Amino acid sequence: MKLIIAYVRPECLTPVKQALYAKGIYTMSVTNILGSGRGAGFTETYRGVVMEVNLLKKVRIEIGLDDEKIDGALEAIKTGAQTGKEGDGVIFVQDLNRTIRIRTGEESL
């Protein structure tokens with residue numbers, strides 16, 4: 001099994017979910033986060049005060065999947081999240097050594 005962690009723009013969450021649903025992938029966890037990547041942020045003037053904004057709003061999507069579904073999920077995330085602009089996000093794929101379903105006690109190694 002693998003764990004996909006994707007950081008995407010908040011406005012891209014709905015297209016990403018729709019693309020994942022089209023691939024038959026319904027299980028995911030979604031968290032609102034703040035972060036910075038390659039972009040250093042920007043400055044903004046609010047009521048005459050210059051403010052540096054270097055932590056931008058993002059959405060973190062976590063999906064645990066069997067190995068055979070990984071390529072479809074990655075393609076769905078890329079399709080739903082890509083705008084062609086800097087800050088579209090990043091995807092990480094990690095190995096899961098062991099998973100346990102709490103309700104049934106079923107384990108995957």
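**Notes on the helices, the core and an aromatic pair**

1. Let's start with Leu 20: setting aside neighbours within four places in sequence, Leu 20 is in contact with Ile 25, Met 28, Ile 63, Ala 73, Ala 76 and Ile 77 (contact means heavy atoms within 4.5 Å). Keep in mind that this is a predicted model, where local features need pLDDT of at least 70 and side-chain atom pairs count only at pLDDT 80 or more, while totals for chains, interfaces and linings use all residues. Residues are numbered from 1 along each chain as its sequence is written, and side-chain values use heavy atoms, with hydrogens and water left out.

2. Leu 20 also turns up among the residues of the largest nonpolar core that touch the most other members, together with Ile 4, Val 8, Ile 61, Ile 63, Leu 65 and Ile 77; the core has 19 residues. (A nonpolar core is a set of buried Ala, Val, Leu, Ile, Met, Phe, Trp, Tyr and Cys residues joined through side-chain atoms within 4.5 Å; buried means under 20% relative accessible area, exposed over 50% and partly exposed in between, with a 1.4 Å probe and protein chains only.) Strand 1, helix 1, strand 5 and helix 2 each give two or more residues to this core, and helix 2 supplies the largest share, six residues. (Helices, H or I with at least four residues, and strands, E with at least two, are DSSP runs numbered from the N terminus.)

3. On helix 1, the buried residues are Leu 13, Val 16, Ala 19 and Leu 20. Down the helix axis they fall within an arc of 130°, so they line one face (the arc is that of the directions from the axis to the C-beta atoms). Their cover includes strand 2 (29–35), strand 5 and helix 2, whereas Gln 18 and Ala 22, on the other side, are exposed. Just after helix 1, Gly 24 has a positive phi of about 80°.

4. Helix 2 buries Ile 70, Ala 73, Leu 74, Ala 76, Ile 77, Gly 80 and Ala 81. These sit within an arc of 160°, so they too line one face of their helix. They pack against strand 1 (2–8), helix 1 (13–22), strand 5 (56–65) and strand 6 (89–95). Asp 71 and Thr 79 are exposed on the other side.

5. Last, the aromatics: there are two pairs, counting rings of Phe, Tyr and Trp (its six-membered ring) with centres within 6.5 Å; planes under 30 degrees apart are stacked, over 60 edge-to-face and the rest tilted. Tyr 7 and Phe 92 have ring centres 6.1 Å apart and planes at 80°, so this pair is edge-to-face. Tyr 7 is in strand 1 and Phe 92 in strand 6, so the pair ties together parts 85 residues apart in sequence.
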